[in-house]
Amino acid sequence: MDAQLSKRPAGLASFRAKFILVVGGAVLFDLLVSGGLALWNVQRLSRDATLEVGQGLEAASQEYIGTYADSTAAQVSLLLRQVHSDVGTLAGVLQAQIDDPERNSDVGAAIARTSPGSVSLSYDQKGKWSQNAPGSVSVVSVWGYLLGQDHRPRADVESDIQASAVLDLIAPSLMQHGASKLQMYYIGSKARPIFRTAPYTDQAQTFDRLYPGHNEADFWDFFFPGLYESWQGWAKDMKTRPVADDITQTAPYTDAITGKLIVSFFHPLWTADRKDVAGTAGADITLDQLAQIVENVKVAQSGFGFLAMSDGNVVAINGTGEKTLGLRSASDAGGAGAGALTGLQRSLKGSSQPAIAKLALDREQGIQHLLLQQDGNEVPYIVIVKKLPATNLWVSGPVRQEAMLLGVVVPEREIEASLYAAQAKISEATNRIVLYQILAILMSLLIVTIAVFAASKRITGGISALAGAAKRIQAKDYSVRVAITSKDEVGAAGEAFNRMAQEISYHTENLEQLVEERTAQIADAKEEISMLNSQLQRENRRLGTELAVAERIQLMVLPLHQELEDFQALEIAAYMRPAEEVGGDYYDVLKSGSRLKIGIGDVTGHGLESGVLMLMVQSVARALQEAGNTDAVKFLTNLNSALFKNIVRTKIDKHLTLAFLDYDGKEMILSGQHEEVVVVRANGEVERIDTMDLGIPIGLEADISAFIKTREIAFETGDLILLHTDGVTEAANDAGELFGIERLCREALRLKGQDAEKVVSGIVAALMRFVGSQKIYDDITLLAVRHR
C-alpha cells in the first residue's frame with residue numbers, strides 16, 4: 001500500500017492530503033472543543049465538590065463536638081449518681097436504726113459483743129479525746145467535750161457509739177463496690193458529734209496536728225459552718241432545699257488525712273419524728289476520679305476538656321488546657337470552711353485570656369468561636385460549655401444550688417484539618433486532570449480520532465462520576481461510593497473521595513442514632529411529666545376544697561361575740577389566728593345555768609388533722625357541759641376517754657394540752673395541763689400559775705383520772721386572767737428572739753386598766769409589731785377574762 005500511495009499525487013491537491021487535512025482539522029476541532037469543555041467541567045465540578053464537602057464536614061464536625069461534650073457530661077453525672085446512691089444506701093441503714101430504737105439498741109449490743117474493739121475507747125492525755133485502738137474496721141473519735149469527768153463518754157454518747165458501729169457491717173461492702181470512694185463515715189448530731197470512719201486511720205491524731213483547737217470547739221461550727229443549720233431548715237420545710245435532694249456535696253478541698261483534693265458527699269439523718277437533724281452519713285471521693293474523666297477528653301490532636309464550678313473555678317483540666325486558657329497554676333488557697341478546710345482556686349474569670357475571662361457561665365450558648373492569644377498570635381478555637389445536673393452545694397454558710405460546667409476546647413485548624421485535606425486533594429487531583437487533559441489533546445494530534453475520543457471519554461467519565469457522587473452526598477446520601485476503574489490520578493481522586501465519604505457516613509450515622517435516642521427519651525419524659533402535672537393539679541384542687549370546708553367549720557364552732565358579752569360579772573374577749581388554713585388551737589366558752597366553763601388547748605402540729613381533733617374536743621366538751629358534768633376532774637377524765645377512743649379509731653397521731661377555768665360566780669377553779677396562766681391583780685401584782693402538775697396531755701392514755709388536779713384562783717373585782725397558747729410566747733422576730741412570757745406579762749400589766757377587748761387587741765398589736773415581717777409558724781390564741 002505504501003508503494004501505491006507513493007505513486008499518488010503529493011501535496012494538498014491529492015485526495016489523501018485533502019482527506020488528512022479535512023479529517024485532521026475535524027479531529028483537531030473536536031479535540032479542542034471537547035477538551036475545552038472537559039477542562040471547564042472539571043474545574044466547575046471541583047469547585048462545587050470542594051464547597052459541598054466543606055459545608056458537610058464543618059456541620060458534621062460541630063455536631064460531633066457537641067455529642068462528645070454530652071457524652072463526657074453523662075460520664076461525670078454517672079459517677080456522681082453512683083456516689084449519691086452509695087451514700088444514700090448507708091444513710092438508709094442508719095436512718096432505719098434511728099427510726100427503730102429497740103432494734104438499734106439490739107444491733108449495737110450485738111456488735112459490741114462480737115467486735116469489742118469497735119466500741120472500746122481509750123483516753124488520750126495529750127489530745128484530751130478518746131478513740132478506739134487500731135485493728136477495727138472503723139475508727140471512732142469522741143471529742144473532749146463529750147467525755148465525763150472520768151474521761152469516759154457520757155451515757156448518751158456511749159449509746160451513739162454502739163449504734164454507729166453498724167457502719168462496720170455496711171461500709172466495707174459499699175467501699176468495694178460501686179464508685180471508688182476514699183472513705184465513708186458517720187457524724188453524730190450537733191449535741192453529740194462523734195466521728196466514725198471506715199477504713200481505720202489515725203483520725204483524731206491527724207486533726208490535732210492540722211487543726212489546733214478543734215477539740216475545744218463545736219465540731220460542726222468549726223469544720224462546716226452553716227451546713228447543719230441549713231439541714232435544720234430542711235427538717236422544718238423540705239421545700240427550702242435548693243435542689244429537691246437530701247444529698248449535699250462540698251466544693252473540692254484538701255483532705256486532712258490523705259492530703260488529696262477531695263469532694264465530700266453528705267446525706268443528713270433525721271430524728272424519728274423528722275423534726276430535727278440526727279447526724280449525717282457521708283463519703284469522700286478524690287478529685288482525681290472526676291479529673292480523669294475530664295482530662296481523658298481527646299478531640300482532634302490537642303483538644304481538651306475542663307470541669308468548673310458555676311462561679312468559674314476550674315477543678316479539673318490537664319496542663320496543656322490550663323496553659324491554653326491562661327489559668328494560674330492550681331494551688332491550695334484558704335477557703336472552704338472557717339479556716340479549717342482548704343480548697344482549689346483556679347478561676348476562668350481570672351484568666352489572662354480576655355475571651356475566656358468574658359465567657360458566659362450562667363447559661364449554655366452552644367458552640368462558640370473564640371480567639372485566644374498564643375505566642376503573640378490570635379488563634380481561633382471552638383468552645384462548647386455544658387451544664388451538669390444541679391446539686392446542693394456547701395462552701396461556707398447556707399447550702400446553695402450548684403450546677404457544674406463541663407467545657408470542651410478544640411483548635412479550629414485541627415477540627416477542620418480533614419476539610420483542608422479534602423480540599424487540597426480535590427484541588428491537586430483537578431490540577432493533574434487538567435495537565436493530563438492538555439497533554440492528551442497534544443498527543444491526540446498524533447493518534448487516531450477513536451483513541452482520542454476513547455481517552456477523552458474515559459477521563460470525562462471519571463470526573464462525571466465524582467461530580468455525581470458529590471451531588472448525592474449533598475442530598476445526604478452518605479452511602480454513595482465512586483467505582484475505581486483505574487489506578488491513575490482519576491482513580492486516586494476517587495479513592496480519596498471514597499475515604500472521605502466513608503468518614504462522613506460513619507460520623508453522621510452515629511450522630512443521627514444518638515439524636516433519635518435522645519429525642520425518644522425526651523418525648524417519654526415529657527409525656528410522663530404532663531401526666532404527673534395533671535394528677536397534681538387535681539389533687540391540689542381537692543385538698544384546697546377540703547381545707548376550705550374544714551376552716552369554715554372550725555370558725556363556725558367558735559364562740560360568737562354576743563356569747564362572750566353574755567356575762568354580767570365578767571368581760572371575756574378572745575383572738576385566734578391559725579398558722580395554716582386549719583389550725584390546731586382550741587378555745588371555747590360554755591355556759592350552763594349560772595356556771596361558766598372556759599377552755600383553751602393546743603393540738604400538736606397544725607393542719608387538717610389537728611383541726612379535726614380540735615373539733616372533736618369542742619363537741620365532746622359541749623356535750624359534757626350540757627349533760628351537767630360539774631366535777632372538773634371527772635369532766636377532763638370523761639373528755640379524755642372519748643377523745644382517746646376517737647384517736648385510736650381514726651389513727652391520728654396527735655394529742656393536746658388542755659386546761660379549763662370553772663366559775664360559779666364565786667370561785668374560779670383551774671384544772672388540766674397547758675401553758676402558764678397569767679393573773680394581773682387590780683393592785684398591779686402579776687401572778688403566773690404553772691399548770692404542769694394539774695394534768696397530762698389529752699389523748700396519750702385511756703384513763704388520766706390519777707393525773708388530774710384542780711387549783712382555786714382568787715378572782716376579785718378588777719382582776720384580769722390571761723389564757724394563751726405557745727404560739728404567743730414562741731413567736732419570733734427576724735433576729736430569732738422569742739416574744740416570751742415575760743413580755744406578755746409586761747403588756748398585760750400595761751393594759752390592765754382597759755376592758756378585755758382592748759387588752760386582747762393591745763397584746764396582739766404588740767405581738768405583731770414584735771414579729772414584723774417574720775413568718776408565723778404556729779397558731780396564736782389569746783383569751784382575756786376580766787372581773788368587772
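Author: Ile447 lies in the loop between helix H13 (417-444) and helix H14 (449-474); helices (H or I, at least four residues) and strands (E, at least two) are DSSP runs, numbered from the N terminus. This is a predicted model, in which local features need pLDDT of at least 70, side-chain atom pairs count only at pLDDT 80 or more, and totals for chains, interfaces and linings use all residues. Residues are numbered from 1 along each chain as its sequence is written, and side-chain values use heavy atoms, with hydrogens and water left out.

Reader: Is Ile447 buried, partly exposed or exposed?

Author: Ile447 counts as partly exposed, because its relative accessibility is 38%. Buried means under 20% relative accessible area, exposed over 50%, and partly exposed in between (1.4 Å probe, protein chains only).

Reader: Which residues make a nonpolar surface patch with Ile447?

Author: Leu435, Tyr436, Ile438, Leu439, Leu442, Met443 and Leu446 make the patch with Ile447, and its area is about 800 Å². Patches are made of residues with over 30% relative accessible area and no salt bridge; like charges are joined within 9 Å, and nonpolar side chains (Val, Leu, Ile, Met, Phe, Trp, Tyr) within 5 Å. Accessible areas come from the Shrake-Rupley method with a 1.4 Å probe, and for residues only the protein chains shown count as cover.

Reader: What about Thr324: buried or exposed?

Author: Thr324 counts as buried, because its relative accessibility is 10%. Thr324 belongs to helix H10 (residues 319-324), and its side chain reaches the backbone oxygen of Thr320 at 2.9 Å. Beyond its neighbours within four places in sequence, Thr324 is in contact with Phe304, Gln353, Leu372, Gln374 and Tyr381.

Reader: How many salt bridges does a search of the whole structure find?

Author: The search finds 23, where a salt bridge is a side-chain nitrogen of Lys or Arg within 4 Å of a carboxyl oxygen of Asp or Glu. One of them joins the side chains of Arg192 and Asp156 (3.9 Å, N to O). This pair links distant parts of the chain, 36 residues apart: Arg192 is in the loop between strand S4 (183-188) and strand S5 (195-198), and Asp156 is in helix H4 (residues 155-164).

Reader: Why do those two partners count as partly exposed?

Author: Arg192 is partly exposed because its relative accessible area is 25%, and Asp156 because its value is 30%.

Reader: Which residues form a salt bridge with Asp168?

Author: Arg196 does, with the side chains meeting at 4.0 Å, N to O. Asp168 sits in helix H5 (residues 167-176) and Arg196 in strand S5, 28 residues apart. Both Asp168 and Arg196 are buried.

Notes. Polar contact = N/O pair within 3.5 Å; in protein donor to acceptor, adjacent residues only side chain to side chain. Contact = heavy atoms within 4.5 Å.
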